[in-house]
Amino acid sequence: MGSCGFHFLATADRVYLTYEKVCMVLDAATGIKTTEIKLPDPKYGIGRIRIWNDLLIIPSFTNHKEFGPVPTRIFALNRFDGKQVWKIDTPLSFPFIAIGK
């Protein structure tokens, strides 16, 4: 699978740094890695994450034979322990737009 774009997202207490298959969680004050969060299904890659309350919202990608990496599932994981709260699939894709405060 090709690169889905690596980025980070910071909160008051943590920094979430994403790679293709893992989200590294750093202590915001010290920069020390506290944990790693992986998706429940390893066939998916991590896209541009968002945070809502205590949820880490993760658009996830699979490799489409014609179009390459395509977002086909959104996972909501607890941002503290990485446990899945919910997921939703789409038969085609979904937009990359996220609006927040």
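Analyst: The discussion below goes from the strands to the core, the salt bridges, the aromatic rings and the surface. This is a predicted model, in which local features need pLDDT of at least 70, side-chain atom pairs count only at pLDDT 80 or more, and totals for chains, interfaces and linings use all residues. Residues are numbered from 1 along each chain as its sequence is written, and side-chain values use heavy atoms, with hydrogens and water left out.

User: How many helices and strands does the protein have?

Analyst: Helices (H or I, at least four residues) and strands (E, at least two) are DSSP runs, numbered from the N terminus. Here there are zero helices and nine strands. Along the sequence the pattern reads β-β-β-β-β-β-β-β-β.

User: What share of the residues is buried?

Analyst: A residue is buried under 20% relative accessible area, exposed over 50%, and partly exposed in between (1.4 Å probe, protein chains only). Of the 101 residues in the protein, 38% are buried.

User: Which residues have the most contacts inside the largest nonpolar core?

Analyst: A nonpolar core is a set of buried Ala, Val, Leu, Ile, Met, Phe, Trp, Tyr and Cys residues joined through side-chain atoms within 4.5 Å. The largest one has 13 residues, and C23, L39, I49, L56 and I58 have the most contacts inside it. Strands β3 (22-27), β7 (55-64) and β8 each supply at least two residues of this core.

User: What does C23 touch?

Analyst: A contact means heavy atoms within 4.5 Å. Leaving aside residues up to four places away in sequence, C23 touches Y16, L17, T18, T35, E36, I37, I46, I49 and L56. For the protein as a whole, among contacts between residues at least 6 apart in sequence, 33% join residues at least 24 apart.

User: How many salt bridges are there?

Analyst: A salt bridge is a side-chain nitrogen of Lys or Arg within 4 Å of a carboxyl oxygen of Asp or Glu. By this rule there are five salt bridges. One of them joins D13 and R79, whose closest N and O atoms are 3.4 Å apart. D13 lies in the loop between β1 (8-10) and β2 (14-18) and R79 in the loop between β8 (68-78) and β9 (84-89), so this pair ties together parts that are 66 residues apart in sequence. D13 is partly exposed at 30% relative accessibility, whereas R79 is buried at 9%.

User: Which residues form salt bridges with R73?

Analyst: R73 has a salt bridge with D41, with the closest N and O atoms 3.7 Å apart. R73 lies in strand β8 and D41 in the loop between β4 (33-38) and β5 (45-46), so the pair ties together parts that are 32 residues apart in sequence. R73 is buried at 9% relative accessibility, while D41 is partly exposed at 22%. The side chain of R73 also meets that of D89 in a salt bridge (2.4 Å, N to O). This pair links distant parts of the chain, with D89 in strand β9 and R73 in strand β8, 16 residues apart. D89 is partly exposed, at 44% relative accessibility. Elsewhere, salt bridges that share partners join D13, R14 and R79 into one network.

User: How is a pair of aromatic rings described?

Analyst: A pair of aromatic rings is described by the distance of the centres and the angle of the planes. Rings of Phe, Tyr and Trp (its six-membered ring) pair if their centres lie within 6.5 Å; planes under 30 degrees apart count as stacked, over 60 as edge-to-face and the rest as tilted. A search of the whole structure finds one aromatic pair. Y44 and F75 form this edge-to-face pair, at 5.9 Å centre to centre and with 80 degrees between the planes. Y44 is in the loop between β4 and β5 and F75 in strand β8, 31 residues apart. Y44 is buried at 6% relative accessibility, and F75 is buried at 1%.

User: Which residue has a positive phi although it is not a glycine?

Analyst: N53 has a positive phi of about 50 degrees. N53 is in the loop between β6 (50-52) and β7, and counts as exposed at 52% relative accessibility.
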